[in-house]
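User: I want to learn how to read features off a model. Can you take me through some, one at a time?

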Amino acid sequence: MTTATRIYIARLAGLIVFDPNGDQVGRVRDAVARIRADGASPRVVGLIAEMPMRRRIFLPIGRIIAMESDAVMLGTGTLNLRRFEKRPGELLVLEELLDRRVAIIDTGAPAAVVDLAMEVDRTGEWSLTRVAVREHTGRLSRRGHLHQLDWSEVSGLVGIPDAQGTASLLAVLDNMRPADLANVLQDLSGSRRVEVAAALDDERLADVLEELPEHDQVEILGALAPARAADILEEMNPDDAADLLAELPKQDQEVLLDLMEPGEAAPVRQLLHYQPGTAGSVMTSEPIILTPDATVAEALARIREPQLAPAVAAVVFVARPPMATPTGRFLGVVHFQRLLREPPASLLGGVVDNDIDPFDPTTPLEEITRRMATYNLVSMPVVDSLGRLVGAVTVDDVLDHLLPRDWRDRDQEVVSEVRSALGNSHG
């Protein structure tokens, strides 16, 4: 075990877990503590690690040989790959205790938990012994004092909380990718999931919603005020916003669309008109579009924009003005590899590729899949009967619609969860 005898658990969140061979197992997401009947500080029984394929597993504390500032090391390569499920009498330290409203026993002052420390005794048993809390001052402009107290000096740590904020938990989750944060939200209780999601800023929440199953998207969006929900939809990619709105009753769709800025709502409305399972229904209406007199240098600058998804940045679409979809006459595409081979001053009109027929908005998904696989393409244009570019189908759009509707759900089992010598227990 590491030489440190006291470890603050929020600092473990996100650390890589390695097995004895140096292979990455996953990342730490939480710690599990077991409440004692005598009221003493809870015993820490293990950590929760998130593995690939969105699976959270339990790592018994006795199998961990080191917890350093940058990694957690296991003493065994044999793991129980069963999905972690919390049992009665257990606490998820970060999920349930971080931001919890408590009271300092000596003074009665209200406070909020900002971190918890576990310590090891001579027998090798770890317990939650210290609690870092910040006093509530009642003033918006002044932060309360930070105290580090023994577990026994704080009341309200166990049982149903009077209230639980989000600031400290959001700080722990701040550096996560949207897909990883979506995984964390799925593990929270319904009310806590909505509370944490609502505390995210608009752009961050939009990114996370795009990674959640549809039923969780609807739950979170429905808990927001309509004006805020409309703001979130504006931040989402139009195709993702359309997919989410399609899950709502028609009346609710219209309310939210009317609250959106007209320029943001227009492409979403258009996407909602297409039949499900067609190119029009799965395409993005905002690919990279440039005129034929734009240069290769300009195109390279556009595909470097960090907010672009890789599949969107892989192709530049060339069309006559106007540049917003539906554009003027569609001329063809320039793949990013071609851009890298051409002189920066070259015009796109001279390097455009138009030897593959574009999709029609009514092209069925089966045909889209077949043609993209045939030509090994990650993005293809969608052109209407007037020859105007109306969008592009990317490989991630296709995968989203080919996979089962519930593929993002955390309770979907991954094949082969054996390789375990620990049985069905995580205690």
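Analyst: Gladly. Keep in mind that this model is predicted. We start with a single residue. Asn-183 sits in helix H3, which spans residues 178–187.

User: Is Asn-183 buried or exposed?

Analyst: Buried means under 20% relative accessible area. Asn-183 has 2%, so it counts as buried.

User: Which side chain does the side chain of Asn-183 make a polar contact with?

Analyst: For a polar contact, look for N or O atoms within 3.5 Å. Here the partner is the side chain of Glu-50, at 3.1 Å.

User: Now a strand residue. Where is Val-333, and is it buried or exposed?

Analyst: Val-333 lies in strand S16, residues 330–335. Its relative accessible area is 9%, so Val-333 is buried.

User: Which residues is Val-333 in contact with, leaving aside neighbours within four places in sequence?

Analyst: Contact means heavy atoms within 4.5 Å. Val-333 touches Val-315, Val-316 and Phe-317, then Val-351, Val-352 and Asp-353, and also Pro-381.

User: In what sense do strands S2 and S7 pair?

Analyst: Read the direction and the bridges together. S2 (residues 16–18) and S7 (residues 71–74) pair in the parallel sense over three bridges. A hairpin of three residues connects S6 to S7.

User: Which residues of helix H7 are buried, and what covers them?

Analyst: In H7 (residues 226–235), the buried residues are Ala-229, Ala-230, Ile-232, Leu-233 and Glu-234. Their cover includes helices H5 (202–209), H6 (214–223), H8 (238–245), H9 (250–259) and H10 (262–272).

User: Last one: which residues form the nonpolar patch on the surface?

Analyst: Val-378, Val-395, Leu-399 and Leu-403 form it, with about 290 Å² of accessible area together. Take Leu-403 as an example. Leu-403 is in the segment after helix H16 (395–402). At 36% relative accessible area, Leu-403 is partly exposed.

Note on methods:
Residues numbered from 1 in each chain as written. Predicted model: local features only at pLDDT ≥ 70, side-chain atom pairs only at ≥ 80, totals over all residues. Heavy atoms only, no water. Helix = DSSP H or I, 4+ residues; strand = E, 2+ residues; numbered from the N terminus. Buried < 20%, exposed > 50% of the residue type's maximum accessible area, 1.4 Å probe, protein only. Polar contact = N/O pair within 3.5 Å; in protein donor to acceptor, adjacent residues only side chain to side chain. Patch = residues over 30% accessible without salt bridge, like charges linked within 9 Å, V, L, I, M, F, W, Y side chains within 5 Å. Areas by Shrake-Rupley, 256 points an atom, 1.4 Å probe, with all protein chains shown as cover. Salt bridge = Lys/Arg side-chain N within 4 Å of Asp/Glu carboxyl O. Pairing = 2+ DSSP bridges.
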